[in-house]
Amino acid sequence: MNDDKQAERPRDSVRTQVTVAVDPATAFRVFTDEIDSWYVRGPHSWVDPARAVGIGFEDGFLRERWAGGGHVDTGRVLIWEPGRRLVWADLIHRTGAMEVEVCFTAVEGGTEVCLEHRGLDTLPPPVAGRIRLGYSWQIALGWFARFLG
């Protein structure tokens, strides 16, 4: 395939990254165990904004907790390697077959946290197009980095 045809093909994934000033084990622990502290609440942050009260990795799932005790599982954890990487299957877009991978790599002065959301070609084009813009993941990793200071 020549370069022109590759440029025309929709991207299968979107990637973003941030560097934080803690070691990989701490970055992983805060990303997972403290997600409810750094994940910013808002109408675009939740599956069900009217009922959402929190988020967490629980029982092998990324779970949005609702007032009154209910919840919705937004991801199923596939790989959990503390200090290295985390992969979950996206459960929000039922028509797609997507995964989100977050890798934690030691760099001078801290950890590079890379996030890749892949499988976008399995979604309807308008939905995939919005995700390909990558803004939501850039914003989320920005919240994470600001929380770590």
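Apart from neighbours within four places in sequence, F147 is in contact with V30, E34, S37 and W38. The model described here is predicted. F147 is found in helix α5, which spans residues 135-148. Its relative accessible area is 37%, so F147 is partly exposed.

## Helix α2 and its N-terminal end

V30, a contact of F147, belongs to the buried residues of α2, which are P24, A27, F28, V30, F31 and T32. The N-terminal end of α2 is capped by D23, with a side-chain oxygen of D23 lying 3.0 Å from the backbone nitrogen of A25.

The side chain of T111 reaches the backbone oxygen of D23 at 3.4 Å. A polar atom of the T111 side chain also lies 2.6 Å from the backbone oxygen of V22. T111 has a relative accessible area of 0% and is therefore buried. Not counting residues up to four places away in sequence, T111 touches V18, T19, V20, V22, D23, P24, A27, F104, T105 and A106.

## E116 in strand β7

Strand β7 covers residues 110-118 and contains E116. Is E116 buried or exposed? E116 is buried, with a relative accessible area of 18%; the cut-off for buried is under 20%. The side chain of E116 makes a polar contact with the side chain of S13, at 3.0 Å. With neighbours within four places in sequence left aside, the contacts of E116 are S13, V14, R15, E99, V100 and E101.

## Aromatic pairs

The structure holds twelve aromatic pairs. One of them joins F28 and W80 in an edge-to-face arrangement, with 5.2 Å centre to centre and 85° between the planes. This pair links distant parts of the chain, since F28 is in helix α2 (residues 24-33) and W80 is in strand β4 (residues 71-81), 52 residues apart. F28 is buried, at a relative accessible area of 3%, whereas W80 counts as partly exposed at 39%.

The rings of F57 and W88 also pair: their centres are 5.7 Å apart and their planes are at 65°, so this pair is edge-to-face. F57 lies in strand β2 (residues 52-58) and W88 in strand β5 (residues 85-90), so the pair ties together parts that are 31 residues apart in sequence. F57 is buried, with a relative accessible area of 16%, and W88 is buried at 4%.

The two pairs are set out below.

| Pair | Centre to centre | Angle between planes |
|---|---|---|
| F28 and W80 | 5.2 Å | 85° |
| F57 and W88 | 5.7 Å | 65° |

Which residues do ring pairs link into a cluster? The cluster consists of F28, F31, W38, Y39, W46, F57, W80, W88, F104, W137, W143 and F144.

The charged end of R51 sits over the ring of W66, 3.7 Å from its centre.

## Cysteines

How many disulfides does a search of the whole structure find? The search finds zero. For C103, the closest cysteine sulfur is that of C114, at 6.7 Å, which is too far for a bond. Taken from C114, the closest cysteine sulfur is that of C103, at 6.7 Å, again too far for a bond. A disulfide would require the two sulfur atoms to be within 2.5 Å. C103 counts as partly exposed, with 25% relative accessibility.

## Annotated span

An unreviewed UniProt entry lists residues 22-122 as "domain: Activator of Hsp90 ATPase homologue 1/2-like C-terminal". In the model, the end C-alpha atoms of residues 22-122 lie 35 Å apart. The span is 14% helix and 48% strand.

How values were computed. Residues numbered from 1 in each chain as written. Predicted model: local features only at pLDDT ≥ 70, side-chain atom pairs only at ≥ 80, totals over all residues. Heavy atoms only, no water. Helix = DSSP H or I, 4+ residues; strand = E, 2+ residues; numbered from the N terminus. Buried < 20%, exposed > 50% of the residue type's maximum accessible area, 1.4 Å probe, protein only. Polar contact = N/O pair within 3.5 Å; in protein donor to acceptor, adjacent residues only side chain to side chain. Contact = heavy atoms within 4.5 Å. Phe/Tyr/Trp six-rings, centres within 6.5 Å; stacked < 30°, edge-to-face > 60°. Lys NZ or Arg CZ within 6 Å of the ring centre and 35° of its normal. UniProt positions renumbered as here; feature names shortened; annotations may be inferred.
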